[in-house]
Amino acid sequence: MPTPEPIDLVILSSSILHGEALTETAGFVAISNGRIAHVGRAEAAAGWTPRARQVIDVGDATVCPGLIDAHIHPIHGADIARGLDLAGITGLDDARAALARYAGSTPHAVGSDWLFAWGLDPAIFGDAGFNNSLFDGILDDELVFITLFDGHASLVSDAALKLAGVTGTEELPSTGYVGVDQHGKPNGMLYEMAAQDLVRGILPQPSFDQRVDKLGELLRSMAEAGLVAGQMLDFGAPDTLEVLEALERRGELAIRLRISPWVMPGATEEDLKAMLAMQGRHGRRWHVHGIKLMMDGTIDNGTAWLFEPDTHGESLHPLWHDPEALAAAMKFFHEHRIPTTAHAIGDQAVSFVARTIGALPKNGTVHRIEHIESIPDSVLAEIISAGAATSLQPTHCALYSRADHTDNWSRRLGSERANHAWRTRDLRDAGAIVALGSDWPIAPFDPRAIIASAQTRRPAGRPDVEPVQPQQALSARAALEGYTSQYWKSVGEEGGIVEMGARADLTVVRHNPLATSPDEFAQTPVILTVVDGEIVVDNREALNAGATLGSLRRA
């Protein structure tokens, strides 16, 4: 077979996961002009390597289709992930102690008097109401802004509320709201983005160049973890495209970004047309395609949309004052053949979105439902009937809920609904497309750990933790597909397969994800990350020098 000219790269390996079946093959992958020119057996490599500009032999490391995170917030998320990381703290006293230490040892934000933290687990409040009494005696009269771990609520100090002029009587474009006490006084809780923005608007911001720097560092660390791309489901910063353009002027983005701007409650016809006009904007490794819709909030904060109230009597409303306005927005984009992905966590939210998708005339456009945290069989059937794709985050289950239902999420739902948690296996078995991702910064982005948790239903490397609904565990193949071929199907495109003619996105790891225990795979070194045929991460030298695993991975 004649080889095309030029051959940019040939990767030799005794373990290539080839084709739709992910068949392990010993041989080589030849790359030309950003595409896979050929996948062949070892004995045929001699016909290709002499003409290649670069030949890399990775030995018995495994060549996988490039891993893609279906849900990330790399620019907006940097605004959330500010200051002290409170992830993993579930006790009130522990949270107070961490904040006191941080306030005493760390300068406030440069050029401001603000103290920031993020990742706060509402489990610290137990069954008590959420409020800023957490700060009493340690952060009195301080300007404090803390984002809860799900990103859908913030806890702020009285001083911050006063400075922002928040009264608790504000009318908002969504059903988000300002939490108040029994006297109607704001209690520090801001539920959903419309309420959070009441204070976010006065927060000190990093400089433009600092934000560009941070994005570059984040995308680089994602590539080092094996990601070749991610779907960015927001347009949280007005200058998002300017940030991307500035980073690209410095060089190539470390991973490719597909940007699906969000359409928030209260959007007007002009807003929809503006989002439509943005479609197709692009740089070298980023492009705008698709739309993100927000049907409801979160179960942890009582802002999801459930058929029956949670145990606090909450989670009974969609984010949109009129949910039919969301349906109309989806129809608008469907008519223009623009795919959407809709945030829907509560069972009624998922049902509404599934029925909306099912009512759209078929025109080849794929629409996806995001999160789907707890649904009964009847709603699962609606998803399948609608032909909707799905996207779930296994570590939301593994890190933030517990098998014994003592976590905030499970307590709010009650045992019956908590037992329908993140039904990844049921959805796959029923024939649904199931893409996987992290929702960074809501959860860590490392795809190896997420692929592991999808199989174990617990945190990677923690066999001591009881799995959450282990019958919903995915097979190793289904978990890997969630980051590869299933992702591409979820956006209505072909990809995620190592075969001739495919985009040359590859993730090369030390251990075969299909033949390695999940916990071991979560720790496997990334040898190469190849994006559009270009080697973005190359850890061969460090690995060959006997470097420790810690030097090959970012914390």
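Modeller: Happy to! Let's begin with the second largest cavity, which is lined by 13 residues, with Q231, P339, T340, T341 and V491 nearest its centre. On a 1 Å grid over the protein atoms alone, a cavity is a set of points where a 1.4 Å probe fits but cannot get out, and lining residues have an atom within 4 Å of a point.

Biologist: What should I know about where this model comes from?

Modeller: It is a predicted model, where local features need pLDDT of at least 70 and side-chain atom pairs count only at pLDDT 80 or more, while totals for chains, interfaces and linings use all residues. Residues are numbered from 1 along each chain as its sequence is written, and side-chain values use heavy atoms, with hydrogens and water left out.

Biologist: Back to that second largest cavity: how much space lies in it?

Modeller: About 60 Å³. Its lining divides into 4 nonpolar, 7 polar and 2 charged residues. Here Ala, Val, Leu, Ile, Met, Phe, Trp, Tyr, Cys and Pro count as nonpolar, Asp, Glu, Lys and Arg as charged, and the others, Gly among them, as polar.

Biologist: And how much space lies in the largest cavity?

Modeller: About 140 Å³. Of the 15 residues lining the largest cavity, F149, D150, I345, E373 and H396 are the closest to its centre. By class, that lining has 6 nonpolar, 5 polar and 4 charged residues.

Biologist: New topic! How many salt bridges does the structure hold?

Modeller: There are 29 salt bridges, each a side-chain nitrogen of Lys or Arg within 4 Å of a carboxyl oxygen of Asp or Glu. One of them pairs R258 with E493, whose closest N and O atoms are 2.8 Å apart.

Biologist: Where do R258 and E493 sit in the chain?

Modeller: R258 is in strand β14 (residues 256-259), and E493 is in the loop between α17 (485-490) and β22 (506-509), so the pair links distant parts of the chain, 235 residues apart. Helices (H or I, at least four residues) and strands (E, at least two) are DSSP runs, numbered from the N terminus.

Biologist: Which residues of α8 meet α9?

Modeller: P323, E324, L326, A327 and M330 in α8 meet F352, V353, T356 and I357 in α9, where contact means heavy atoms within 4.5 Å. That contact has 7 nonpolar, 1 polar and 1 charged residues.

Technical notes:
On a 1 Å grid over the protein atoms alone, a cavity is a set of points where a 1.4 Å probe fits but cannot get out, and a pocket is an open set with protein on both sides within 12 Å along at least five of seven lines; lining residues have an atom within 4 Å of a point. Grid points are joined across faces, edges and corners, and a volume is the space filled by probe spheres set on the points.
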